[in-house]
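I opened my notebook to get to know this structure piece by piece. Here is what I looked up, in the order I went.

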Amino acid sequence: MEFSYRNRGTCSQGIEFEVDGKTVKNVRFIGGCHGNTQGIAKLVDGMDIDEIISRTKGIRCGMKDTSCPDQLAKALEAAKAKLAE
């Protein structure tokens with residue numbers, strides 16, 4: 001199933017991704033630091049959704065309360081909630 005998420009508090013504006021069972025695929029950040037977001041997307045491709053959440057949730061960017069990896073965790077949590085409906 002395909003999802004899109006609007007980021008809050010980061011340079012990147014959003015995230016698009018697919019969830020197949022519990023596997024996350026085809027992550028794409030909209031905007032942000034291209035090298036960093038591209039790296040995150042490649043690193044998490046094919047990983048278990050819960051593993052990604054546990055590894056990225058709570059990461060901060062400088063003085064911000066969030067980061068692109070943290071926003072990915074929030075996006076995946078929202079996707080899990082939608083899948084559970």
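Entry 1: I began with the strands and found three of them in an open sheet, ordered 1-2-3, with antiparallel pairing. Strand 1 (2-6) and strand 3 (23-31) are the edge strands, each pairing on one side only. From one strand to the next, the twist averages 20 degrees. For that angle, axes are lines fitted to C-alpha atoms, for helices over the stretch in contact, and angles run from 0 to 180 degrees between N-to-C directions. I noted how the elements are set: helices (H or I, at least four residues) and strands (E, at least two) are DSSP runs, numbered from the N terminus. Two strands pair if DSSP finds at least two bridges between them.

A note on the source: this is a predicted model, where local features need pLDDT of at least 70 and side-chain atom pairs count only at pLDDT 80 or more, while totals for chains, interfaces and linings use all residues. Residues are numbered from 1 along each chain as its sequence is written, and side-chain values use heavy atoms, with hydrogens and water left out.

**Entry 2: the bridges.** I looked at strand 1 and strand 2, which pair in the antiparallel sense over five bridges. Here Tyr 5 stands opposite Ile 15 in strand 2. Strand 2 and strand 3 also run antiparallel, joined by seven bridges. Gly 14 has Ile 30 in strand 3 as its bridge partner. The hairpin of strand 2 and strand 3 has two residues between the strands, and in it Gly 21 takes a positive phi near 70 degrees.

**Entry 3: Gln 13.** I then picked Gln 13, which lies in strand 2 (residues 12-20). Not counting residues up to four places away in sequence, Gln 13 touches Tyr 5, Arg 6, Asn 7, Ile 30 and Gly 31. Contact means heavy atoms within 4.5 Å.

**Entry 4: the largest pocket.** I found a volume of about 190 Å³ for the largest pocket. Strand 3 and helix 1 (34-44) are the elements that give two or more residues to its lining. By class, the lining has three nonpolar, five polar and three charged residues. My notes on terms:
- A pocket, on a 1 Å grid over the protein atoms alone, is an open set of points where a 1.4 Å probe fits, with protein on both sides within 12 Å along at least five of seven lines; lining residues have an atom within 4 Å of a point.
- Grid points are joined across faces, edges and corners, and a volume is the space filled by probe spheres set on the points.
- Ala, Val, Leu, Ile, Met, Phe, Trp, Tyr, Cys and Pro count as nonpolar, Asp, Glu, Lys and Arg as charged, and the others, Gly among them, as polar.

Entry 5: Among the residues that line the largest pocket are Asn 26, Thr 37 and Asp 45. Thr 37 is in helix 1 and counts as buried, at 4% relative accessibility. Asn 26 lies in strand 3 and has a positive phi, near 50 degrees, though it is not a glycine. Asp 45 sits in the loop between helix 1 and helix 2 (49-56). Leaving aside neighbours within four places in sequence, Asp 45 is in contact with Val 24, Lys 25 and Asn 26.

Notes. Buried means under 20% relative accessible area, exposed over 50%, partly exposed in between (1.4 Å probe, protein chains only).
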